[in-house]
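Let's take a friendly walk through this structure together, with a few stops along the way. Please have a look at it first.

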Amino acid sequence: MTPERRKKITKALKWLISLAIAALLLYLSFRSVKWEDFFGGLKECRFWLVLLSMAASISAFFLRAARWREIMKPLNRNIRFGETFDGINIGNISNFAFPRAGEFVRCGVISSTGKLRYDRVLGTVVLERSWDMLTLLVLLAAFLLIKWKDFGNFVSQQMWKPLSESLSFSLWWIVAAVAVALAAIAVLIYRTRKTNKISGKLSAIVKGALQGFTSAFRMEKKWRFLLYTIAIWVIYWLMSYLTMLSLPKLDALNASDAMFLMLVGSIAWAIPVPGGFGSFHILVSLALTMVYGVEYNEGLAFATLSHEAQALTMILCGVISLVRIARSNARRSGR
């Protein structure tokens, strides 16, 4: 078997495993659903609010594209907003095919323009996603600190404890082991970078990525980056709130409840399954059931509306960007 064929088989197996996990989570989410009640809840939906949520989602894509461009400006000021917007959209749609592939695909969208090397673009993506993860953790910590009485039990008993108990030892040991392994690999690559071709290539990629990562320190208007980040997370909250308001049976919930559901949903989207299918449905519906005592069917109706509205928006924007790039390439080749 050739190395190329082995690589294709490995990718296919990873995709099938991710798809199987997503299917299992979807099955676990919907297996006990009372379908009459579920569809009854959807029939009562104020769909105009869901459409507003989708519009808010599109504005978040614009803001993410603008923020990403700010990061790349110190590396090349000629990066256009349209290019970063297409990169964000095509990256989003790629995640439905294979989880987390979108981050690498959008790097390819920018590097294909010839304006920036792939490794440098990758560094900017690592910076952006790291910042978002930090923002999520800060928001979650602050929210739980203020609202621990209401929400802390769900996080500790329904999310962290079951995960810890499913393993024979503490999760912190896993974190420590991974950190030590990564450090050992980094040292090995560094020491053999001049004598081993693979280590040399990896070292060059890491160097380029670090140049992209540190581009944040050379941004002319850092306040824009912070402003974009705040606006993006406000819109994420607004999307959750609008979808929550669209279901009459959730009228008793308020803006802070929408914030909690947004944070749970953000964690669910980060789980490596295609397009967040299954993980989003089960975590968000459990949050509504365990924390608020909402009937599971109603919680699942909210999770389904919230996820599918965002997924549809991502797909539509992704298709538009693919068409834009195809037409641009056709014009270029026709010259």
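Rings of Phe, Tyr and Trp (its six-membered ring) count as a pair if their centres lie within 6.5 Å, and a pair is called stacked when the planes are under 30 degrees apart. In this predicted model, that rule gives a count of six aromatic pairs. One of them joins phenylalanine 81 and phenylalanine 85, a stacked pair with 6.0 Å from centre to centre and 15 degrees between the planes. Both residues belong to helix H4 (residues 81–94), where they sit four residues apart, about one turn of the helix. Phenylalanine 81 is partly exposed, at a relative accessible area of 32%, while phenylalanine 85, at 12%, counts as buried.

Now move on to helix H9. The ring centres of tryptophan 237 and tyrosine 241 lie 5.4 Å apart with their planes at 20 degrees, so this pair is stacked too. About one helical turn separates tryptophan 237 from tyrosine 241, because they are four residues apart in helix H9. Tryptophan 237 is partly exposed, with a relative accessible area of 22%, and tyrosine 241 is partly exposed, also with 22%.

Back among the phenylalanines, Phe81 and Phe85 form one aromatic cluster with Phe62. A ring can have a charged neighbour as well: the charged end of arginine 106 sits over the ring of tryptophan 68, 4.6 Å from its centre.

For a last stop, find the loop between helix H9 (222–245) and helix H10 (255–270), which holds serine 246. Is serine 246 buried or exposed? Serine 246 has 0% relative accessibility, so it counts as buried. Leaving aside residues up to four places away in sequence, serine 246 touches Glu44, Cys45, Arg46, Leu49, Val50 and Leu305.

Technical notes:
Residues numbered from 1 in each chain as written. Predicted model: local features only at pLDDT ≥ 70, side-chain atom pairs only at ≥ 80, totals over all residues. Heavy atoms only, no water. Helix = DSSP H or I, 4+ residues; strand = E, 2+ residues; numbered from the N terminus. Buried < 20%, exposed > 50% of the residue type's maximum accessible area, 1.4 Å probe, protein only. Contact = heavy atoms within 4.5 Å. Phe/Tyr/Trp six-rings, centres within 6.5 Å; stacked < 30°, edge-to-face > 60°. Lys NZ or Arg CZ within 6 Å of the ring centre and 35° of its normal.
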